[in-house]
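My notes follow the order in which I went through them.

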Amino acid sequence: MIQAASDGATDLDAAIVKGAEAIGGHVAAARAAIGQVIYGQDQVVDRALLTVLCGGHALLVGVPGLAKTKLVEALGTVLGLDARRVQFTPDLMPSDILGSEVLEEDDHGRRSFRFVSGPIFAQLLMADEINRASPRTQSALLQAMQEYHVTVAGHRYDLPRPFHVLATQNPLEQEGTYPLPEAQLDRFLMQIDVGYPDRDAERRILLATTGAEEAKPKAAMSADDLLSAQRLVRRLPVGESVVEAILDLVRSARPETAEKGFADKIAWGPGPRASQSLMLAVRARALLDGRFAPSIDDVAALADPVLKHRMALTFSARADGDTLDGVIGKLVERLG
């Protein structure tokens, strides 16, 4: 019996290694294909890929002109997904995203309602400037992002799989915007901050985008490949030390369980969904790097994008000059 169990575990390990090698080739090709059109944003590209490999959603935060929209479009092409874009505006209604029922009359005069699906019925939905729509419209995404279906007029409609929402947000221009509620922020697996490119990358952008021809992304994966990768991510083994590091980090970011010196700085902290997100993200990062298991270094590297939008500092902490990045960085240091 012991030998049989051992053989079964060996077969499972071999299957994981074989699958990781195959999927790793697809992911590497996807990363390279995106790099042909997105310059100087390697960390942003990797984190966007990580989010999709985890089966999650991402919030891209950055000033205009940093290729956030172009990145999402490139992801859709490279990963072989049906991608659609919605420009969020103050007058956008929930039905503009979800769809609505229309009354139709047939040749015999009989009337009936028919559901006309909205742009949310896509594998990759880009919610451009999501904070420009009202809370009523923003909430239309809540059920879809968590349960992968929508309810219209009492009827359930399942979304295609895979399904991902990549939303963009401008952190500077806040006039006429509606801050995302905490419940919706928690639906995003990670917040990806998009910064300015360095000088060499900006030179490449100048030369590549102002000529007669512009590089176009090419497909490197299919939707089925992506689904296989997402299943594999959930099968990668995680060591006990990594599990404990995730629990220590997330719980130390809550005012109720934070250590002395941090509890008075944190107004509210991340819930269990943060632990789940971090667990998936470290596995995906290992796969992206060609490894078969994550390490504590992966936890440290992904702490900021996974926790940043799930916690807030107290007024006194902000008055003292503390920042979320700084507090999370100090919590990471305590992981040893």
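Below are my entries, starting with the ground rules.

**Ground rules**

This is a predicted model, so I took local features only at pLDDT of at least 70 and side-chain atom pairs only at pLDDT 80 or more, while totals for chains, interfaces and linings use all residues. Residues are numbered from 1 along each chain as its sequence is written, and side-chain values use heavy atoms, with hydrogens and water left out. Helices (H or I, at least four residues) and strands (E, at least two) are DSSP runs, numbered from the N terminus.

**Helix 2**

How many of the 12 residues are buried? I use buried for under 20% relative accessible area, exposed for over 50% and partly exposed for in between (1.4 Å probe, protein chains only). Nine of them are, so I call helix 2 mostly covered. Among the buried ones I noted Val44, Arg47, Leu50 and Leu53. After helix 2 comes Gly55, with a positive phi near 80 degrees.

**Gly56**

Gly56 sits in the loop between helix 2 and strand 1 (58-61). Its relative accessibility is 7%, which makes Gly56 buried. I looked for contacts (heavy atoms within 4.5 Å). Neighbours within four places in sequence aside, Gly56 touches Thr51, His164 and Leu189. I also took the C-alpha separation of Gly56 and Leu166: 9.1 Å, for two residues 110 apart along the chain.

**Aromatic rings**

Next I went for the rings of Phe, Tyr and Trp (its six-membered ring), which pair if their centres lie within 6.5 Å; planes under 30 degrees apart count as stacked, over 60 as edge-to-face and the rest as tilted. I found three aromatic pairs in the structure. Phe115 and Tyr157 are stacked, at 4.0 Å centre to centre with 15 degrees between the planes. Phe115 is in strand 4 (residues 111-117) and Tyr157 in strand 7 (residues 155-158), so this pair ties together parts 42 residues apart in sequence. Phe115 is buried, at 17% relative accessible area. Tyr148 and Phe163 pair edge-to-face, 6.2 Å centre to centre and 90 degrees between the planes. Tyr148 is in the loop between helix 6 (142-147) and strand 6 (149-152), and Phe163 is in the loop between strand 7 and strand 8 (164-169), 15 residues apart. Both Tyr148 and Phe163 are buried. I also logged one aromatic cluster formed by Phe115, Phe121 and Tyr157.

What sits over the ring of Tyr148? It is the charged end of Arg161, 4.3 Å from the ring centre. The test for this is NZ of Lys or CZ of Arg within 6 Å of the ring centre and within 35 degrees of the ring normal.

Pro162 lies in the loop between strand 7 and strand 8. Glu129 has phi near 50 degrees and lies in the loop between strand 5 (124-128) and helix 5 (135-138). Glu129 is partly exposed, at 23%. Ala153 has phi near 55 degrees, in the loop between strand 6 and strand 7. At 54% relative accessibility, Ala153 counts as exposed.

In helix 12, I noted Asp298, Leu302 and Pro305 among the buried residues. Their cover includes helix 2, strand 9 (190-193), helix 10, helix 11 and helix 14.
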